[in-house]
Amino acid sequence: MSVRTPSSKPPESSEAPHRAGFACFVGRPNAGKSTLTNALVGQKVAITADQPQTTRHTVRGIVHRPDAQLILVDTPGLHKPRTLLGQRLNDIVRTTWAEVDVIGFCLPANEKLGPGDRFIAKELASIKKTPKIAIVTKTDLVDSKTLAEQLIAIDQLGKELGFEWAEIVPVSAVAGQQVDLLADLLIPLLPEGPALYPEGDLTDEPEQVMIAELIREAALEGVRDELPHSIAVVVEEMLPREDRPADKPLLDIHAFVYIERPSQKGIIIGPKGARLKQVGIKSRKQIEALLGTPVFLDLHVKVAKDWQRDPRQLRKLGF
């Protein structure tokens, strides 16, 4: 079993060729995939939340290094689907696996391996050619004994399913532990070649999609128990405000927050609109940081009945 600890480094070679390619992180919902993507890129490109099933769009984060360009594909968590949306999210995951150069399987250090992990590992075992790295996330939440037990269990899981991990790496994206080492281990598994994206690009996601995701992240906060995952956001319009001096620009953003039932509208809006106002304040700050310009954010809540199960509504909402 090859486990990478802080003292172990990959061998260095002189004048290594430039490499560029795609890696994707898979794992149960809420296994730390988006947080890890953000930590490697060094900026927020994937939304994170305490609830599972936060990530719905494939977000590519781009890590630029002198010797390599690592393009990270963040996928929804693979799970046993209960809705049409769930089936479509799983299809996205499997399509992504077939197209990347290396797969990182995220397994939280603070949770014992469960049926969900085995379900994914079994799927991974059927992908023969792509190298697979086991990434033990959230190591800041456990002691060394618990971590050691998890590392052994993960090594054993690979053996049971008839494959060997290319590496097993414990990391903490939150504490910044071993994140650079993980990049060092992923890069040698990429093909040789020139950079695929211009220097300075962090993601190829359209700005409107990223803005919608930031609004949705803010809307999800605090309503975990009441609205598991009934929220979708669509940015309808982004226009520079006319008649503004060049040194004081303002971007008008009009967005709709969609929920599935009229009874959920009051939860999102809150007493006298207080909750929706907070969602607007929080997401506007993040949008301004993303775009580097002042923003006027106009939010409205709409009902799209049972959208997670309706093919027409799913298309309309971008799934």
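Modeller: Happy to! Let's start at phenylalanine 163: the charged end of lysine 132 sits over its ring, 5.5 Å from the centre (the rule asks for NZ of Lys or CZ of Arg within 6 Å of the ring centre and within 35 degrees of the ring normal). This is a predicted model, in which local features need pLDDT of at least 70 and side-chain atom pairs pLDDT 80 or more, while totals for chains, interfaces and linings use all residues. Residues are numbered from 1 along each chain as its sequence is written, and side-chain values use heavy atoms, leaving out hydrogens and water.

Ring pairs join Phe163 with Phe105 and Trp165 in a cluster; rings of Phe, Tyr and Trp (its six-membered ring) pair if their centres lie within 6.5 Å, and planes under 30 degrees apart count as stacked, over 60 as edge-to-face and the rest as tilted. By this rule there are three aromatic pairs. Phenylalanine 105 and tryptophan 165 have ring centres 6.0 Å apart and planes at 35 degrees, so their pair is tilted. It bridges distant parts of the chain, with phenylalanine 105 in strand 4 and tryptophan 165, 60 residues away, in the loop between helix 4 and strand 6 (167-170); helices (H or I, at least four residues) and strands (E, at least two) are DSSP runs, numbered from the N terminus. Both phenylalanine 105 and tryptophan 165 are buried, meaning under 20% relative accessible area with a 1.4 Å probe, protein chains only.

Beyond four places in sequence, phenylalanine 105 has contacts (heavy atoms within 4.5 Å) that include Val26, Ile120, Leu124, Ile135 and Trp165.

Methods:
Buried means under 20% relative accessible area, exposed over 50%, partly exposed in between (1.4 Å probe, protein chains only).
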